[in-house]
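Good morning, everyone, and thank you for making time for this short talk. Please have the sequence and the structure open while I go through them.

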Amino acid sequence: MTSPTARNAGSGAVPYLRRRTVGRAAESYRRWVGRAVGWWTLLYLAFWLVVFVIAGVETLAPLPTFLPSPAGVIAAAGALVVLFTLLGGRTPPLTLDRRDLYRLALAPERPWDVLRWRYRVKQAGAAVAGALLGAVWSLLAPALFGFDAWYAAPALAILALVLLDLRWLRYAAHAHHGPHAAKLPANRASLLVGGALLLILAGLAASHFLGVTGGVSTELEPLAGLTVNSPWVLLLPVIALFNTQLAVVNSLRSEWPPRFGPQSLVLSQLQALRTSQMMALMAGVSGGFGGGMGLGGLGDDGQRRRLLDALHDRPGATKPRRSLPLPPPHAPQWLGLAWRSASALYRRPLLRLAFSLLLAFSAAMAVLLASGVGPALTPGAADADPNTGGVLGGALGVLLAAFYLARVTSGLLGPYFDIGVRPVDPLTRSFGRALPAAALLVVLLVPAAVLLTVLGPQGGAPALDALLPGLIGALSLVGLVVLALEKYSSWSGAAPSRLEPQIVAALLAALPALLLGAFGVGDWTLLTQFLLLGLVALIPV
Amino acid sequence: MSLGGVNIVEDVTFTLERGQLALLTGPNGAGKSTLLRAIVGLLPSRGDIDLFGRPNGGLSAREQFVFVPDEPALYEDLTLREHARFNALVYREPAADERAIDWLERFGLGEKLDEFPGTHSRGMRQKLSLSLALGLERPLTLLDEPFNGLDLGSQELLAEALQERAAAGGAVLLTGHQQELAARLNPRLLQLEDGLLHV
């Protein structure tokens with residue numbers, strides 16, 4: 001056995017790898033863009049973009065009265081950004097993929113050598129974003145505020161790099177790496193630079209708002225690049241960047257942050273999830289749950305949440321937060337499917353669960369408003385102008401409410417269930433899967449109706465005598481939207497979260513109101529909706 | 001070691017000497033892979049893990065071992081031959097390049113050296129992963145379920161290689177739950193059960 005010794009010089013392995021993989025990836029990307037979009041198309045679009053930008057700049061005319069100096073607002077916004085950066089740091093701003101993690105991060109390579117390429121790419125993105133923002137500011141500032149700020153682009157580009165460095169340093173010294181993290185040089189560096197920036201910006205914001213400086217900026221303020229036209233505005237950002245860059249390299253001399261490995265693994269899975277969803281979307285196939293691509297539930301929201309739990313080492317990653325009672329072993333199939341959907345909803349984090357319930361409640365209110373005052377469902381309302389009925393009046397109101405309901409329902413249906421070779425009837429699947437969402441919405445109709453009634457006529461709410469038909473109408477709408485959304489999304493392979501199945505479900509639910517209202521037989525709408533509901537329920541898809 | 005607030009492995013104390021070949025066994029979910037990942041520094045843990053006197057996670061500790069994960073971690077855009085070169089560069093062992101190629105040939109992949117591993121079967125990818133590790137001469141070799149996906153001949157080859165490695169003074173720690181492994185390798189057994197290690 002050879003006895004390896006620690007060496008400080010780079011091995012050349014990483015450049016060897018990047019020379020090959022980056023070149024090949026770039027070549028694959030070039031071919032893919034050429035085929036999928038076409039370089040001439042991109043060139044054409046870029047040309048017109050430039051033309052539009054130039055035309056837009058030329059039409060910019062100075063305001064008759066310039067806006068007041070933005071220095072105070074800019075300093076306050078900057079202070080907030082730095083504050084949030086300093087308070088964050090639970091997750092790394094950049095990660096290694098699984099291959100780099102096993103092949104490079106575990107090898108005797110200096111962490112900085114391994115991460116440098118990805119860090120530079122991330123820096124390039126941040127700098128370009130900062131420069132673009134600064135360029136837009138440079139173009140707008142003379143017209144809006146009456147001053148030039150031609151150094152805004154480089155100043156914001158440099159500050160974007162400082163923020164990226166601060167994010168890394170906060171991460172490297174985050175308390176979840178252990179009690180020693182607070183003593184790390186990364187912690188000192190981030191607090192020194194970040195704290196100084198924060199104090200200066202907060203002080204400037206306060207003095208501007210208190211009128212102490214009278215809106216006069218100096219060249220040495222951190223964000224002076226946005227208000228002062230002098231190359232000296234770059235001095236402070238450059239000094240800050242010099243310090244943070246040294247600290248970043250220093251933080252990656254020998255050891256990786258302890259949780260960087262596992263978090264990288266999880267974040268790369270999340271990235272893969274997003275990529276596969278995007279590719280599925282671009283390919284025009286199942287975007288949400290990957291059924292059509294055999295992705296095995298990659299797009300499952302539950303899977304994403306479990307990964308996020310794993311990222312933060314929360315209990316949801318290894319065991320459920322809470323569980324519904326299991327259905328008995330001999331329970332019918334539909335109950336099993338309903339249990340599956342209800343569990344997915346019930347196991348959400350409390351805040352998300354509360355938000356889902358709030359959304360469902362608002363959807364129930366919307367459907368009631370459409371049902372109570374619209375000509376589609378209110379007795380005698382067909383005689384009224386179908387588009388001016390009330391808060392959500394007319395057939396158009398029914399359509400809008402149904403669409404909103406479909407959007408909300410898409411988050412309540414639970415995970416996709418592919419029948420595949422399983423002995424499950426499509427009717428059983430759709431009934432079982434849709435049942436929890438429908439039941440929840442139906443239950444929420446009651447308090448929503450009570451609230452609308454209590455609000456009274458001032459709010460345009462239905463009167464008591466219109467409540468019952470309104471409730472019945474709302475029931476049929478809920479059933480129609482939920483079932484249509486489940487069936488269409490399962491049949492087409494389009495995830496319920498996509499617009500296409502939501503629009504189809506909303507149109508189908510509003511069809512009776514739209515058609516019968518247009519033909520002046522609005523009284524038949526309620527009956528037709530129930531007939532349509534029965535028909536949709538029986539379609540075996 | 002804990003994941004999501006659940007203790008996976010606790011109170012584990014053992015020493016692996018040079019020249020020892022140890023098999024970490026236990027039922028599914030016992031924490032074998034978790035323990036291995038903690039040893040190499042991929043998972044944070046409470047307590048001390050020293051690799052030849054160096055705390056794990058640091059650069060000097062990473063000089064001491066080579067790790068083969070349960071699922072091969074390969075670059076889809078590097079050929080097998082390029083993997084071997086890259087691996088030798090990473091570990092600064094120029095001779096590891098040729099040794100890895102030699103192992104690839106012994107595993108029957110000599111004809112596929114200039115192919116990408118992306119189209120290869122699970123077993124072939126595992127052979128590449130193992131060849132890269134076997135090409136290196138590190139004091140400690142850690143392998144997570146290395147026999148998975150290998151044909152019988154390759155299993156024999158790997159078993160011999162691991163025994164030779166231990167005989168040459170290297171320490172080898174592998175996980176597995178196959179009964180036949182114990183008979184084939186004659187290892188020191190480390191039994192992990194319910195989060196506790198029985199040495």
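Let me start with a question: in β8(B), which residue is the bridge partner of B:L140? The bridge partner of B:L140 in β8(B) is B:A171, and I will come back to the strands around that pair in a moment.

Before that, some words on conventions. What you see is a predicted model, in which local features need a pLDDT of at least 70 and side-chain atom pairs count only at pLDDT 80 or more, while totals for chains, interfaces and linings use all residues. Residues are numbered from 1 along each chain as its sequence is written, and chains are lettered from A and ligands numbered from 1 in the order in which they are written.

Let us look at chain B, which has 7 helices and 10 strands, where helices (H or I, at least four residues) and strands (E, at least two) are DSSP runs numbered from the N terminus. Of the 199 residues of chain B, 46% count as buried; a residue is called buried if 20 or more other C-beta atoms, placed from the backbone, lie within 10 Å of its own, exposed if 12 or fewer do, and partly exposed in between.

Strand β8 of chain B, residues 171-175, has 5 of its 5 residues buried.

If you follow the chain from β7(B) through helix α6 of chain B, residues 152-167, to β8(B), you trace a right-handed β-α-β unit; right-handed is the word used when, with the strands pointing away from the viewer, the path from the first strand over the helix to the second runs clockwise.

β7(B) has another parallel pairing, with β6(B), over 4 bridges, and in it B:V66 stands opposite B:T141. In strand β6 of chain B, residues 65-68, B:F65 and B:F67 point one way and B:V66 and B:V68 the other, and all are buried.

For a contrast, please find B:S121, in the loop between α4 (94-106) and α5 (122-135) of chain B. B:S121 is exposed, because it has 10 other C-beta atoms within 10 Å. B:S121 and B:G149 are 28 residues apart in sequence, and their C-alpha atoms are 9.0 Å apart in space.

Now to chain A, which has 17 helices and 0 strands, and in which 43% of the 541 residues count as buried. Helix α3 of chain A, residues 71-87, has 17 residues, which at 1.5 Å a residue should span 24 Å, and its end C-alpha atoms are 24 Å apart, so the two agree; the expected span is 1.5 Å times one less than the number of residues.

The buried residues of α3(A) are A:A71, A:G72, A:I74, A:A75, A:G78, A:A79, A:V82 and A:T85. They cover an arc of only 160° around the axis, which puts them on the same side of α3(A); the arc is taken from the directions from the helix axis to the C-beta atoms. On the other side of α3(A), A:F84 and A:L87 are exposed. What covers the buried residues includes α6 (152-172) and α7 (185-210) of chain A. Just after α3(A), A:G89 takes a positive phi of about 100°.

Finally, how many residues does each chain bring to the contact between them? Chain A brings 39 residues and chain B brings 33 residues, where two residues are in contact if their C-beta atoms, placed from the backbone, lie within 7 Å. On the side of chain A that touches chain B, α1 (13-36), α4 (98-105), α9 (260-283) and α10 (301-311) of chain A each supply at least two residues, and α1(A) gives the most, with 7 residues. One of these helices, α4(A), is mostly covered, with 6 of its 8 residues buried.

How values were computed
Pairing = 2+ DSSP bridges.
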